[in-house]
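Visitor: I would like a quick tour of this structure. Please show it to me before we talk.

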Number of protein chains: 2
Amino acid sequence: MIKINDNFLKLKASYLFLDIAKRVSDFQVANPDAKLIKLGIGDVTEPLPKSVLKAFHAGVDEMAGRSTFRGYGPEQGYAFLRDVIVKTDYHARGAAIEADEIFISDGAKCDSGNIQEIFSADVRIAVPDPVYPVYVDTNVMAGRTGPNVDDRYEGLVYLESTPDNGYFPDMPTEPVDLIYLCFPNNPTGAMATKEQLKQFVDYARENQAIILYDAAYVSFIRDESLPQSIYEIEGADEVAIEFRSFSKNAGFTGTRCAFTTIPKKVKASDSEGNMVEVHGLWSRRHSTKFNGTSYPVQRAAAACYTPEGQAEIHALSDFYLRNARLIREKVSELGFGCVGGDNSPYIWINMERDSWEAFDLLLNKAGVVCTPGAGFGKCGEGHVRLSAFNNYENVSEAMDRIAEAL
Amino acid sequence: MIKINDNFLKLKASYLFLDIAKRVSDFQVANPDAKLIKLGIGDVTEPLPKSVLKAFHAGVDEMAGRSTFRGYGPEQGYAFLRDVIVKTDYHARGAAIEADEIFISDGAKCDSGNIQEIFSADVRIAVPDPVYPVYVDTNVMAGRTGPNVDDRYEGLVYLESTPDNGYFPDMPTEPVDLIYLCFPNNPTGAMATKEQLKQFVDYARENQAIILYDAAYVSFIRDESLPQSIYEIEGADEVAIEFRSFSKNAGFTGTRCAFTTIPKKVKASDSEGNMVEVHGLWSRRHSTKFNGTSYPVQRAAAACYTPEGQAEIHALSDFYLRNARLIREKVSELGFGCVGGDNSPYIWINMERDSWEAFDLLLNKAGVVCTPGAGFGKCGEGHVRLSAFNNYENVSEAMDRIAEAL
C-alpha cells in the first residue's frame with residue numbers, strides 16, 4: 001500500500017500566512033466598510049522599473065522569431081545574467097566569485113528550501129529564532145527533526161535573537177553542521193556587522209560547518225560599513241552559500257527570478273570522509289529537478305544591472321525605506337522597543353504582550369494587518385512585524401491609527 | 001562535520017545530455033565546416049504562437065502600473081488559468097476534475113521530480129525501461145534505491161518496454177506502490193490505448209498504488225480513440241496524479257509553465273494506517289518550497305485556451321508531426337523496426353546494434369545528432385531516439401544523409 005512521508009504530519013497545522021488570511025477575511029466579513037491597511041506579508045506594491053519592463057518586452061519579442069527564439073536555456077542560467085551579477089554584486093564589493101558559481105533560479109524561497117537535499121539526513125541544523133519558516137519546515141519534511149513540542153522541533157538547534165542580544169542570533173553552544181542566517185533579517189529587520197558575521201564564518205571554519213546565507217533584502221542596506229554579501233568576510237568563500245533575489249530590490253515577487261551562489265571552495269564530507277565540492281551536488285540537483293528560469297524574465301533581471309536599472313532599483317528601495325523610517329519613528333515615539341527599518345523594510349516591535357493578541361488588537365482597533373511574531377518562532381512571542389511594502393500615505397495613516405488604538 | 005547526501009554518489013557519473021553535448025562538441029571541433037542537424041534533445045524550435053505573445057506582452061504591461069501590478073500570486077496558480085485548463089483539458093474530455101485540483105508550476109520536470117517527496121522513503125517504485133531519467137534520478141537522490149549495478153538501480157522495479165511487447169511496459173510482477181507512466185512516451189513515442197491504461201488503473205486500485213502519469217506530449221495525439229488524460233479511464237481519479245506542460249504544445253521550453261493535477265480522491269496511508277489526501281500534502285510542499293509561476297507567463301499560458309490559441313497550438317504540433325511522419329516513413333523504408341512518430345514527436349528506432357555506436361555512426365557519417373537509447377535504460381540498448389523538433393527541410397536532409405550513411 002502506498003504510504004505518505006509521515007514527516008509532513010509533524011508540521012504545525014497550517015502555514016502562518018494562511019492563519020493570518022483567515023483572521024483578515026473574518027474581519028472583512030464582519031466589517032465590510034472598513035479600509036484595511038496591510039503591512040503584514042512582505043510583498044512589494046510598486047511597478048517594475050522602466051528599464052526592466054523594456055528588457056522584459058524585448059525578451060518576449062525574441063520569442064516571436066524563429067532565429068531569435070529560445071528553448072531550453074543553460075541549466076545554470078544565461079551567461080549574460082551571471083556575468084553582470086558577479087561584476088556588480090561581487091567583484092565591485094571585493095568578493096572573488098566567478099560566473100560559474102552562480103545558479104539562476106525562479107526564487108530564493110525555492111533555493112533556500114531545496115538546498116538541504118544535498119546534505120546528509122543526519123546533519124545537525126541551527127536556525128535563528130525568530131526565523132523565516134521555510135528553513136525549518138523543509139528540514140521537518142526531510143525528516144531531520146522530531147516532533148514539535150512547545151513550539152520547537154526536537155533535534156533543531158535554535159539560535160535566539162532577543163532584545164537582550166540586540167536581535168543578533170546567539171552563537172551555537174552545541175556542535176552544528178549547517179547554519180541558516182539571514183541579513184538584513186526576515187522577520188526582525190536587524191542587520192549584522194562584518195565583525196558579527198565573522199564570528200559565524202570563524203565558527204564554520206573551525207567546525208567544518210556550512211552557512212546558508214539568505215541575503216534577499218540586501219538592496220535595503222544604506223550603511224556602507226555593513227556587508228552586502230557574506231563573501232566580504234574573509235574565508236566565507238570556503239564555508240558559505242548565499243541566496244539572492246530580484247523580488248524585493250526590483251519588485252519581482254510576481255515575476256520570479258533569483259540566484260544562489262556556491263563557491264567551488266565549499267566542500268563537505270561523504271560518509272567515508274572524502275571531501276566533495278558542494279557546487280557539483282547542487283549542479284546535479286538543479287539540472288535534474290529544475291529546468292531554468294523563463295528567458296524573458298532573465299532578460300528583465302539583467303536590466304537591473306544597467307546604469308539606468310541600478311538607479312531605478314535604488315529609487316525603489318528608497319521608496320520603501322522612507323516608509324520604514326516613518327514606522328520606526330512612530331513606533332519609537334509610542335515607547336515600544338524595536339529593531340529594523342534602517343537597513344531593512346521590516347520593523348520588529350516588542351509589544352510586550354501575546355503576539356496574536358497584538359495582531360488582533362491592531363487588526364480590530366486600527367484596521368492594520370501586521371504579522372504576529374509567534375509565527376516566526378518562540379522568540380517571536382511578544383513581538384509583531386510591520387512591513388514597509390505599501391505606499392507612504394497608507395503607512396502614514398496606519399501609524400496614526402495605531403497611535404490612536406494604543 | 002558537514003556531510004553530503006551520499007545518495008548523490010550513486011548517480012551515474014553524468015547526465016545523459018551532457019555526455020551527448022561532449023561528443024557533439026568534439027565532432028564540431030574536428031569538423032568545423034560540417035553542418036550538424038540536431039534531432040537529439042526534445043527542444044522545440046518554432047516561435048511562440050501569436051495569441052500567446054500578445055497575452056505575454058499584455059501581462060508584462062500590467063506590471064507597469066501600480067493598480068494592475070501583481071506581486072505574489074495564489075500559490076496554486078491564478079484562477080483564470082486553472083479555470084480554462086479544467087474546462088478544455090478535462091471537462092471537454094469527460095473527466096470530472098475541478099480547478100482546485102490543478103497546481104500551476106514552472107515545469108513538468110520539476111513537478112515529476114519533486115512529487116516523490118510527499119511519499120514515504122520505503123515505497124516500492126516501478127519505472128518503465130526505457131525511461132525519462134528524471135523519475136529514476138530523483139528517487140536515487142532521495143535514497144529509495146541501492147547502488148547502480150549493471151545499468152539498473154537495486155530496489156527499483158523496471159517495467160520493460162521492448163519490441164516483443166510493442167514497447168508498452170510490462171505489468172509489475174512484484175508488489176509496487178508508485179508507478180511512473182508517460183504517454184505519449186518519452187523516449188519511445190509509443191502511445192497507450194484506453195484498454196492498456198485501464199490495466200494499470202485496475203492494478204493501482206487493487207493494490208492501493210498510485211500512478212504518476214506524465215502527459216507532457218498529449219498535444220501530439222491525433223487518433224481520437226486514444227486517451228488524452230488518464231482521467232478518461234474510470235476510477236483513475238482515485239489513483240492517479242497527472243503532469244501536463246506547455247513546453248511541447250505551445251513551445252514553452254524557454255518560457256516555463258506547466259501544471260500538475262491531483263484529484264482530492266487520491267489517498268495514501270500514514271504509518272498508522274489512516275488514509276490521507278495526497279492533494280493536501282502536495283499543497284503544503286508547493287506552498288513551502290515554491291513561490292508561483294511568473295504572472296505574465298501564466299497570462300501567456302492562458303492564451304493557449306482561446307479559440308485562436310487552440311488553433312495555433314494545433315498547427316504547431318501539426319508542424320512537428322509532419323516531420324515525425326517523414327522520419328518514421330524513411331526509417332521504415334530502410335528496414336528498421338520503430339515505434340512512435342504518429343501520435344508523438346519521437347521515433348524510437350531499433351538499430352540492432354550498440355546504441356552509442358549507432359549514435360557515433362549517425363554523428364560521424366551523417367552529421368545527425370540523435371539520442372542513444374542506452375541513456376534511457378537497459379531496454380534502450382540497441383535503439384536510438386530521433387526527435388521531430390526541427391524544421392522540415394533539416395529533417396528531410398537528415399533522413400537523406402542517414403539513408404546514405406547506412
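Predicted model: local features only at pLDDT ≥ 70, side-chain atom pairs only at ≥ 80, totals over all residues.

Visitor: Which rotation superposes chain B on chain A?
Guide: Two copies of a chain are related by a rotation about an axis and a shift along it. Here the shift along the axis is 0.0 Å, and the RMSD is 0.0 Å. The rotation that superposes chain B on chain A is 180°. That is the relation of a two-fold axis.

Visitor: Which residue of chain B comes closest to the rotation axis?
Guide: The distance is taken at the C-alpha. At 3.1 Å, the residue of chain B that comes closest to the axis is His57(B).

Visitor: Why do the copies meet through the same surface?
Guide: The contact takes 69 residues from chain B and 69 residues from chain A. The copies meet through the same surface because the interface residues of chain B are also interface residues in chain A, to the extent of 100%.

Visitor: Which element gives the most to the side of chain B that touches chain A?
Guide: Elements giving two or more residues to that side include helix 2 (50-62), helix 4 (108-114), helix 5 (133-141) and helix 8 (295-302) of chain B. Strand 11 (267-269) and helix 7 (278-289) of chain B are also among them. With five residues, the element that gives the most is helix 7 of chain B.

Visitor: How many residues of helix 5 of chain B are buried?
Guide: The buried residues include Pro133(B), Tyr135(B), Asp137(B) and Met141(B). Their cover includes helix 1 (16-30) and helix 4 of chain B, together with helix 7 (278-289) of chain A. Helix 5 of chain B is mostly covered, and the buried count is nine of its nine residues.

Visitor: Which residue with a positive phi follows helix 5 of chain B?
Guide: The phi in question is near 85°. The residue that follows helix 5 of chain B is Gly143(B).

Visitor: What is the bridge partner of Ile102(B) in strand 10 of chain B?
Guide: Strand 2 (residues 102-105) of chain B is covered on both faces, with Ile102(B) and Ile104(B) buried on one side and Phe103(B) and Ser105(B) buried on the other. Four bridges join strand 2 to strand 10 (residues 258-261) of chain B, and the two run antiparallel. In strand 10 of chain B, the partner of Ile102(B) is Thr261(B).

Visitor: Is Phe246(B) buried or exposed?
Guide: Phe246(B) lies in the loop between strand 9 (240-245) and strand 10 of chain B. Beyond its neighbours within four places in sequence, its contacts include Phe252(B), Cys257(B) and Cys304(B). The C-alpha atoms of Phe246(B) and Cys304(B) are 8.7 Å apart, although 58 residues separate them along the chain. Because 25 C-beta neighbours lie inside 10 Å, Phe246(B) counts as buried.

Visitor: Which element supplies the largest share of the side of domain 1 of chain A that touches domain 2 of chain A?
Guide: Chain A is assigned domain 1 (6-47 + 308-405) and domain 2 (53-307). Their centres, over C-alpha atoms, are separated by 24 Å. The contact involves 38 residues of domain 1 and 43 residues of domain 2. With eight residues, the largest share of the domain 1 side comes from helix 9 of chain A.

Terms used:
Residues numbered from 1 in each chain as written. Chains lettered and ligands numbered in written order. Contact = placed C-beta atoms within 7 Å. Domains from an automatic or database assignment. Buried ≥ 20, exposed ≤ 12 C-beta atoms within 10 Å, placed from the backbone. Pairing = 2+ DSSP bridges. Least-squares fit on C-alpha atoms with pLDDT ≥ 70 in both.
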